[in-house]
Amino acid sequence: MTSGVGAPARASIPARTLRTDRWWLPPLLTNLGLLTFIVYATVRSFMGKWYVVEQYGYLTPFYSPCLSESCLPGSSHFGTPLPELPGWIPLGFVALPFLLGFRLTCYYYRKAYYRSVWQSPPACAVAEPHGSYSGETRLPLIVQNAHRYFFYVALVVSVINTYDAIVALTHGLGLGNLVLLLNVVLLWAYTLSCHSCRHIAGGRLKHFSKHPLRYRAWTLVSKLNVRHMQLAWTTLGTLVLTDLYVMLVASGTISDLRFF
Ligand code: FES
């Protein structure tokens with residue numbers, strides 16, 4: 001190895017690390033958390049049932065927008081411009097690739113999986129297994145530079161999810177409505193706390209004093225931005241919680257708690 005920790009100018013230490021603490025625990029927990037979400041989301045996306053409760057207007061975010069004639073009644077808030085789809089295509093396929101791209105290219109998730117999955121490096125003062133480093137200048141990591149464009153699509157998806165939650169409110173009020181609303185509020189907080197959003201709000205300015213509105217927007221986004229990591233994990237949890245709740249009600253496993 002002629003670069004990284006193996007470069008000639010670096011101290012020659014045969015051990016991968018001299019750390020004796022449990023440095024491997026954070027990367028392990030990150031891997032477990034991401035893996036759990038990926039397995040759950042994949043299974044649910046291909047399940048093709050129990051994603052809508054027509055009676056109460058609940059629609060899981062994993063199937064929104066549902067634009068195919070294969071969609072169950074009550075799930076197509078924007079019509080069905082697409083024909084019936086074979087079972088191997090997830091009904092939420094219009095938004096899912098972009099949402100996946102948004103999360104995968106997110107600055108926080110990059111940090112998380114570069115350490116835990118890519119092992120580059122897995123922890124401070126722990127040598128990485130790679131012999132060279134090309135950063136985000138080559139495929140596949142050069143795609144990370146498209147994060148801003150995934151952000152624009154994520155904004156549209158947040159509007160769609162908000163619309164879904166409002167549609168559900170026209171059927172009355174139940175616990176499911178509160179779950180949908182909580183999910184939407186946190187999704188907005190996560191989306192607006194994005195580093196690209198912060199740059200769009202206040203970047204490329206020489207004088208904040210000449211752009212008071214953008215300064216105000218940048219200030220608000222910055223306050224959210226410091227919580228971006230927490231929001232990244234919380235929204236993974238609320239997405240699963242929302243989908244799980246809709247699935248349990250739709251399948252008849254539990255009844256929705258109705259307030260009126
Ligand atoms: S940096 Fe995380 S969503 Fe943009």
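Definitions first. On a 1 Å grid over the protein atoms alone, a cavity is a set of points where a 1.4 Å probe fits but cannot get out. A pocket is an open set with protein on both sides within 12 Å along at least five of seven lines. Lining residues have an atom within 4 Å of a point. Points are joined across faces, edges and corners, and a volume is the space filled by probe spheres set on them.

Now the ground rules. This is a predicted model, where local features need pLDDT of at least 70, side-chain atom pairs count only at pLDDT 80 or more, and totals for chains, interfaces and linings use all residues. Residues are numbered from 1 along each chain as its sequence is written, and side-chain values use heavy atoms, with hydrogens and water left out.

So, how many cavities of 30 Å³ or more are there? The count is 1. The largest cavity holds about 50 Å³. Its lining is L59, P61, N161, D164, A165, L180, N183 and V184. Two elements give two or more residues each: α4 (147-169) and α5 (175-192). Helices here are DSSP runs of H or I, at least four residues, numbered from the N terminus. By type, the cavity lining has 5 nonpolar, 2 polar and 1 charged. Nonpolar is Ala, Val, Leu, Ile, Met, Phe, Trp, Tyr, Cys and Pro; charged is Asp, Glu, Lys and Arg; the others, Gly among them, are polar.

At least two residues each come from α1 (25-47), α2 (96-105), α3 (107-116), α4, α5 and α8 (228-250).

Of its 19 lining residues, V5, R10, A11, R16 and A127 sit closest to the centre. That lining divides into 12 nonpolar, 4 polar and 3 charged.

Last, one residue. S45 lies in helix α1. Is S45 buried or exposed? Buried, because its relative accessibility is 8%, and the cut-off is under 20% (1.4 Å probe, protein chains only). Beyond its neighbours within four places in sequence, S45 is in contact (heavy atoms within 4.5 Å) with Y63, P90, L91 and L96. S45 and L91 are 46 residues apart in sequence, yet 7.3 Å apart in space, C-alpha to C-alpha.

How values were computed
Buried means under 20% relative accessible area, exposed over 50%, partly exposed in between (1.4 Å probe, protein chains only).
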